[in-house]
Amino acid sequence: MMLGLHEGAFPGYRKVWADLAVLDDGQSIGTLQPGRQFHVNFELEPNSNIALRSTPRDDLYIVLSGWQPDGSASFFVFVNPLVLWVWVGGVVLMLGGLITLWPDAVPAYARSVVPVGGGIRVEAT
């Protein structure tokens, strides 16, 4: 639910952002502020400020895609499930690699068999 659309001038840039109340099953779970920044001399190349809410269950990304002078706005909303667990899996993979590469406490010795008598003798006649 959009609480308001704001525009402000800051040193070196102008910013447009929206205050959004995030609801989950009708219960408020926080406020996000997606927006756009227009830097001096680069007004045709705005930077997007993407609002992100991350939980172990899913990630919520909200991008301000457009707005009108009357205060209405449009957004791109992405919900990506289980993203946190991809990062956890990467950490587990790295820890497993470190464990396998860890040196042994006692060096291992290899046995070699040397024939008695120094091996095969070849005599020339």
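Predicted model: local features only at pLDDT ≥ 70, side-chain atom pairs only at ≥ 80, totals over all residues.

Student: How is a pair of aromatic rings described?

Tutor: One states the distance between the ring centres and the angle between the ring planes. In this model the count is three aromatic pairs. For Phe10 and Tyr13 the centres are 5.3 Å apart and the planes meet at 20°, so this pair is stacked, the cut-off for stacking being under 30 degrees.

Student: How is the pair of Phe38 and Trp67 arranged?

Tutor: Phe38 and Trp67 are edge-to-face, with 6.1 Å from centre to centre and 70° between the planes. This pair links distant parts of the chain: Phe38 belongs to strand 4 (residues 35-39) and Trp67 to strand 7 (residues 58-67), and the two residues are 29 apart.

Student: Which residues do ring pairs link into a cluster?

Tutor: The cluster consists of Phe10, Tyr13 and Trp17.

Student: Is Phe38 buried or exposed?

Tutor: The relative accessible area of Phe38 is 11%, so Phe38 is buried, since the limit for that class is under 20%. Trp67, its partner in the edge-to-face pair, has 27% and is partly exposed. In the stacked pair, Phe10 is partly exposed at 35%, and Tyr13 is partly exposed at 24%.

Student: Which charged residue lies over the face of Phe38?

Tutor: Arg14 does, at 4.5 Å from the ring centre.

Student: How do strand 6 and strand 7 run, and how many bridges join them?

Tutor: Strand 6 (residues 51-54) and strand 7 run antiparallel and are joined by four bridges. Within this pairing, Leu52 stands opposite Tyr61 of strand 7.

Student: Let us turn to the helix. Where is Thr100 placed, and what does its side chain reach?

Tutor: Thr100 is in helix 1 (residues 83-101). The side chain of Thr100 reaches the backbone oxygen of Gly97 at 2.8 Å. With a relative accessibility of 64%, Thr100 counts as exposed, because the class begins over 50%.

Student: How far apart are Thr100 and His6 in sequence and in space?

Tutor: Thr100 and His6 are separated by 94 residues in sequence and by 54 Å in space, C-alpha to C-alpha.

Terms used. Residues numbered from 1 in each chain as written. Heavy atoms only, no water. Buried < 20%, exposed > 50% of the residue type's maximum accessible area, 1.4 Å probe, protein only. Polar contact = N/O pair within 3.5 Å; in protein donor to acceptor, adjacent residues only side chain to side chain. Phe/Tyr/Trp six-rings, centres within 6.5 Å; stacked < 30°, edge-to-face > 60°. Lys NZ or Arg CZ within 6 Å of the ring centre and 35° of its normal. Pairing = 2+ DSSP bridges.
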